[in-house]
Amino acid sequence: MDVDLFISQLLNGLSSGVIYASLALALVLIFRTTGILNFAQGEMALFSTYFTWWLTDLGLPVALAIAISVVASFVGGAFVERVIIRPFEKSSPLVIVIATLGLFLALNSLAQVIFGTDAKQLASVFPHTVWTVGGVRVSSQTVGLLGMLSVECLLLWLLFQRTRVGLALRAVASNPESCRLLGIRVGAMLMFGWGLAAALGAVAGAVVVPTTEALTAASMQGVLVFAFAAAALGGFDSPLGAVVGGLVVGVARALTIQYLAPLDNIELVMPFAIILGVLLVRPSGLFGTARVERV
Amino acid sequence: MGGRAGLAARVGTVVIVVAVLAWLPQYYGTTDTALFAKALYIAIAAMGLNLLTGYNGQVSIGHGAFFGFGAYTTAILMNDHGWDFLATLPVVAVASFAIGAAVGFPALRVRGLYLALITLGLAALFPDLVTKYVHGTGGTTLVQPPQPTSPSWATGFAPQNDQWRYYLALAIAVVMFVIAWNLVRGRFGRALIAVRDHEAAASTIGIDLARTKVTAFALSALYAGIAGSVGVMITGLATAGRVETFQLSIDFLIAIVIGGTATVAGPAIGACLFVFLEQAAQDAFPRQPLLSPAIFGIGLIVLLFVLPDGVVGGARRAGRRVRQLTRSRHRPQLDPSTTT
Amino acid sequence: MSLLEVADLSASYGAVRVLHDVTLEVDEREIVVVLGANGAGKTTTLRAISGLVTAHGTLRLAGESLLGHHPENIARRGVSHVPQGHGTFAELTVDENLRLGAYRRRQRDAVAADLERWYTTFPRLASRRGQQAGTMSGGEQQMLAIARALMSRPRLLLLDEPSLGLAPIVTRELFDTLRQLNEELGVGMLLVEQNAALALQLAQRAYVLEAGVVVASGPADDLADDQEIRRAYLGI
């Protein structure tokens, strides 16, 4: 077996894996705090990324544009929760799923209407260098993304495990009524959770899109499916699980494309087969804590 | 309303509805007839999906794959092997049922939102499978079968081909509706609901959980497959893009939520509403085609909020309120001088 | 002025009226119990007080009306409701559950001191500090729920069937603890119970609720001696 080829495919997989992982983090955050599968997460990130592009188009440096977009997305995410999702808090999960799908459609087309349908170029925050380590080419983009993900994971862990707000977020996910009886403002917590997820999505989009060819309306759709796979693999309530899940999905996909010729063109089978396999054996995912199911 | 009067009223309603549906292509032109036909085959898929999602509580966002399977099977049999359209239906039915059952088995171990996710995988996978295994016109994955033409004996009421195809679709839709209606009213329907509401209790009264859930999956796949066959018969084109397959899966869900999951007819009504809403959103801004998904998405959310149990549920609630009002008006007034 | 004043309280679930003109009161430092069969409206009464159910009539805590307020607000005014089935955060640890009880309090030292105090009062909780609440027994979770409710230093404690699902010995121990807490802290308690015998021993006054209406009230001892009550609720 050609070791160099294997390693380079591994790295390919890792670099796409970090892309899936960064969106999966946002998915996990919303699921952890509100128990909702947000099918509009990708399009929310898309909208944020278009906004970031627009700011750079106005002449702002990329890093500043991302920072502003993150704050704006936080507000936007909280707004979406209050205005679009909250009215459905007593509805069945199916209705909520459809509401997020409606949001998906609306955001996708609004982004195109507001920002135009032509492909945009978004500069990257990381420098475009390629290092050669032991005969293998490693892109600084990938390393930068991995670093960023690690920081996000750490911050999320600190939030959930070491802060008062994080504890309240976990409590709201566990038993909202008991939270009310303890004086915790459940609504505010939900808005915070969605705002934070939207902010994560903004970061994800801004660092992910430059690694692809250009920013278009379809930029996030391919990622979403794999991000869901990553989140499911990781157990949906663990940020670390989302990252590991993303990397596993990315690597599995790259290796499948390379080595499993019969699965040529249908390499999507691999990640879903992995998810199915993991769920059959460990229904709460690799890293998830076993919990009473919501649906 | 119960008893004989209730049944007569229901049958009467169905007859009237079918009569109206039959009259439509006589009055409307080709484009509109095609739209009505789309409503019919979406309705077939939605009715089937409702058996799985509404009555049995298993959420699937992958039934676009089964639809596509039915479409391609019919298209290939007609195109490459010269089959007659109606002859392909039993094949599609059996094959879709089998595949649905095959998916339904592992689904037993996966719950709720995770199941929705796995079915998403189906919708994502199907286009790739088609690309790999189907070779259509000019090497792409399009298959364009010959479409049924109006037979000579039908020239009286369906002189044009698109009318004939509409009536074919209508006949199939009615048959599928009646089948679903009977299933739901019988033991199977009760088993579906029992398993959805309380699995533990259902198994203690002797319901085979696995068989019920897998059959629900298989049946819903069958309906989606047949819908796909009808669809390809109407449009003359079998395609499977990733976005389209996903979109179809969502469309079926939208139809059952708009119409209401509690009845068999609800999803059919929802399908009709959905098709018209979609068209209306497209017509509303002819120069801004991009705006229509946004309008549709927002309109959908508003509709969901106003009618959480769908059109049928809302109609029922309205009917109940009307009956309450009329009842209170007829209550006899108490005469204070006679009360003790 | 009494701590809790409830007068002509009515509440409905949709179109169904569940409480009809319920009147009761709890004084400072009192333990009051509401008895009644299943479906009598006892739980609804507590939920109306804590704001989970919309109610009409008069509802005052130390003179201020609670009507129309969100549960979060009512909790912040000093009402702590331990719901039926204890309502612990099953996935969180014992320690986390208790800290959440003090969510609205600001002084870290006072909170830490209270935490230690409850660990001392409930030693079984102390030995399970890091354990997931959902893995404990029913009795332990009930104690956790009560300790958590007390972490907010409430003026009024509402307890919905605390003895539900508990063995008699555990219930006795629980009620002894409640009496102790009432004496030491002076926190008023409104208890809803089906276990009439033990409850009447614990409380000073009692009400009996039947189909959403108060049908009897008075000192707990009197009600315990009352023949009708004994027959209907004590099975004697």
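Reply: Two residues are in contact if their C-beta atoms, placed from the backbone, lie within 7 Å. This is a predicted model, in which local features need pLDDT of at least 70 and side-chain atom pairs count only at pLDDT 80 or more, while totals for chains, interfaces and linings use all residues. Residues are numbered from 1 along each chain as its sequence is written, and chains are lettered from A and ligands numbered from 1 in the order in which they are written.

Two pairs of chains are in contact, and chains A and B share the most contacts. Chain B and chain C do not touch, with 12 Å between their nearest C-alpha atoms.

Where chains A and B meet, chain A gives 36 residues and chain B gives 37 residues. On the chain A side, the elements that give two or more residues are helix H4 (93–115), helix H9 (221–234) and helix H11 (269–281); helices are DSSP runs of H or I with at least four residues, numbered from the N terminus. H4(A) supplies the largest share, 15 residues. That side of chain A divides into 27 nonpolar, seven polar and two charged residues (Ala, Val, Leu, Ile, Met, Phe, Trp, Tyr, Cys and Pro are nonpolar, Asp, Glu, Lys and Arg charged, the others, Gly among them, polar).

Within chain B, helix H3 (residues 63–81) packs with helix H10 (residues 242–259) at an angle of about 110°, their axes 7 Å apart (axes are lines fitted to C-alpha atoms over the stretch in contact, and angles run from 0 to 180 degrees between N-to-C directions). H3(B) and H10(B) are therefore roughly perpendicular, a term for angles of 65 to 115 degrees. Among the residues that meet are His63(B) and Phe67(B) from H3(B), and Thr245(B) and Phe252(B) from H10(B). This contact divides into five nonpolar, five polar and no charged residues.

Helix H4 (residues 85–107) of chain B has 23 residues. From first C-alpha to last, H4(B) reaches 32 Å, close to the 33 Å expected at 1.5 Å a residue (the expected span is 1.5 Å times one less than the number of residues). Its buried residues include Val92(B), Phe97(B) and Val103(B); buried means that 20 or more other C-beta atoms lie within 10 Å of the residue's own. What covers the buried residues of H4(B) includes H3, helix H5 (112–133) and helix H9 (209–235) of chain B.

In chain A, 15 of the 21 residues of H10(A) are buried, so this helix is largely enclosed by the rest of the structure.

Key
Parallel < 35°, antiparallel > 145°, perpendicular 65-115°, else oblique. Buried ≥ 20, exposed ≤ 12 C-beta atoms within 10 Å, placed from the backbone.
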